[in-house]
Amino acid sequence: MTTSPPPGAARVLVVEDDAPTRAYVTRALQRAGYTVASEAAAAPALATLDEAPWSALLVDIGLPGASGFDLVREARRRRPEVPIALMTADASVEVAVRALRSEVDDFLTKPISPEDLVAQVGRLVALRRTRTTTPVERVLAIGAHPDDVEIGVGGVLAGHQDAGDDITLLTLSHGQRGGDRAARAAEAERAAALLGATLRLGDLEDTLIPESGPTLDLIEATVADVDPTIVYTHTVNDLHQDHRNVHRASMVAARGVPSVYCYESPSATVDFRPVRFMPIDRMVERKLALIAAYDSQAAVRSYLAPDLVRATSRYWGRYGSRDVDHCEPLEVVRERPAGSRAGDALLTTTPQQETSDATA
Ligand SMILES: [Zn+2]
């Protein structure tokens, strides 16, 4: 039997309803130097999964309530980087096929000796190290009209795309007042495709988007589906009533989201007070390409002019660090503490410069 590599501080979460088996597995892994937490059911296991970074997850197939497969599916969605092994006493072909389909990384057949258990968990932990060191963020960018999020955070979203993050764009209206419905929807799809993002296009009435009711319903439903770790939405400091109302509805719907930021629109007022300046030098051309996807608008909307978009990010670049030329500015509603998850990399590289009365 090969000995597993020193596991260091590797943390293993064991989900097993049978108490003697749970104690056995926990003890064997603790003796091998692992930090182990255990749960007897799916719901508390998901809560524990959310609490800390894990190196491996062991799941018994026959959990009470939700099955092990249900837990695996949900754990995959929440923490795609964590390797998962299914534990079962049933080594049938059918179970093996289901396990493969649900994309588990390994399969532990009970009863299992402590040596084999430790060796298999060692392989899972090694697998975890090969996976991206930056956990994937789930990003939700909310805008009242097609092109709002691309103008506000197009560069930041391109950065999320590079990081492998999961991006959803929620656009609450087709922006009918600004042109043909179908054409604008097609443009929004084209921009989303460039970002590798999922587009949700609502059907609220342009210029009459309310603060609650259908606006809140749509954003809440999307937040429930996407379970975002980061939300970008309109600032309230904006002349356009649709933008203000989307901001307010977002504040309610995203109340449980760890990080919430507000972006600038062309109609933002001088009261827009950003404190985050996201460097987008590498992303300026891609931002312009996103905006160019809205070519039916470019002719009639002067705020989409590439020189203005470029000049705006160049202007905000003066608040960034010295080696940065272009930034997108963000107001911070709420921010997950830096370092609580490695996915903060995008944000922690941002200079946290105070806005001060700098002399010209
Ligand atoms: Zn708008």
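Reader: How many helices and strands are in the chain?

Author: Helices (H or I, at least four residues) and strands (E, at least two) are DSSP runs, numbered from the N terminus. Here the chain has 13 helices and 12 strands. This is a predicted model, where local features need pLDDT of at least 70, side-chain atom pairs count only at pLDDT 80 or more, and totals for chains, interfaces and linings use all residues. Residues are numbered from 1 along each chain as its sequence is written, and side-chain values use heavy atoms, with hydrogens and water left out.

Reader: What percentage of the residues in the chain is buried?

Author: Buried means under 20% relative accessible area, exposed over 50%, and partly exposed in between (1.4 Å probe, protein chains only). Of the 360 residues in this chain, 50% are buried.

Reader: Which share of the contacts joins residues at least 24 apart?

Author: A contact means heavy atoms within 4.5 Å. Take contacts between residues at least 6 apart in sequence: 77% join residues at least 24 apart.

Reader: Which residues of helix H2 are buried?

Author: H2 spans residues 42-51, and its buried residues are Ala-42, Ala-45, Leu-46, Thr-48 and Leu-49. They sit on the same side of H2 because they cover an arc of only 165° around the axis. The arc is that of the directions from the helix axis to the C-beta atoms. On the other side of H2, Ala-43 and Glu-51 are exposed. The buried residues pack against strand S1 (11-15), strand S2 (35-39), S3 and helix H3 (68-78).

Reader: Where does UniProt place the modified residue?

Author: The unreviewed UniProt entry puts "modified residue: 4-aspartylphosphate" at Asp-60. UniProt positions follow the numbering used here, feature names are shortened, and annotations may be inferred rather than shown by experiment. Asp-60 belongs to strand S3 (residues 56-60).

Reader: Is Asp-60 buried or exposed?

Author: Asp-60 counts as buried because its relative accessibility is 7%. Beyond residues up to four places away in sequence, Asp-60 touches Val-15, Glu-16, Asp-17, Gly-68, Met-87 and Lys-110. A polar atom of the Asp-60 side chain lies 3.5 Å from the backbone nitrogen of Gly-62.

Reader: What is the nearest side chain of opposite charge to Glu-150?

Author: Charge first: Lys and Arg count as positive, Asp and Glu as negative; His and the chain ends are not counted. A salt bridge is a side-chain nitrogen of Lys or Arg within 4 Å of a carboxyl oxygen of Asp or Glu. Glu-150 is buried yet has no salt bridge; the nearest side chain of opposite charge is Arg-184, 8.3 Å away. Glu-150 lies in helix H6 (residues 148-162).

Reader: With which side chain does the side chain of Glu-150 make a polar contact?

Author: A polar contact is a pair of N or O atoms within 3.5 Å; within protein, one must be able to donate a hydrogen and the other to accept it, and residues adjacent in sequence count only if both atoms are side-chain atoms. The partner of Glu-150 is the side chain of Tyr-294, at 2.9 Å. Not counting residues up to four places away in sequence, Glu-150 touches residues including Lys-287, Leu-290 and Ile-291.

Reader: Which residues are buried in helix H10?

Author: In H10 (residues 284-292), they are Val-284, Lys-287, Leu-288, Leu-290 and Ile-291. Seen down the axis of H10, these fall within an arc of 155°, so they line one face of the helix. They pack against H6, helix H7 (181-195), helix H12 (306-316) and strand S12 (327-334).
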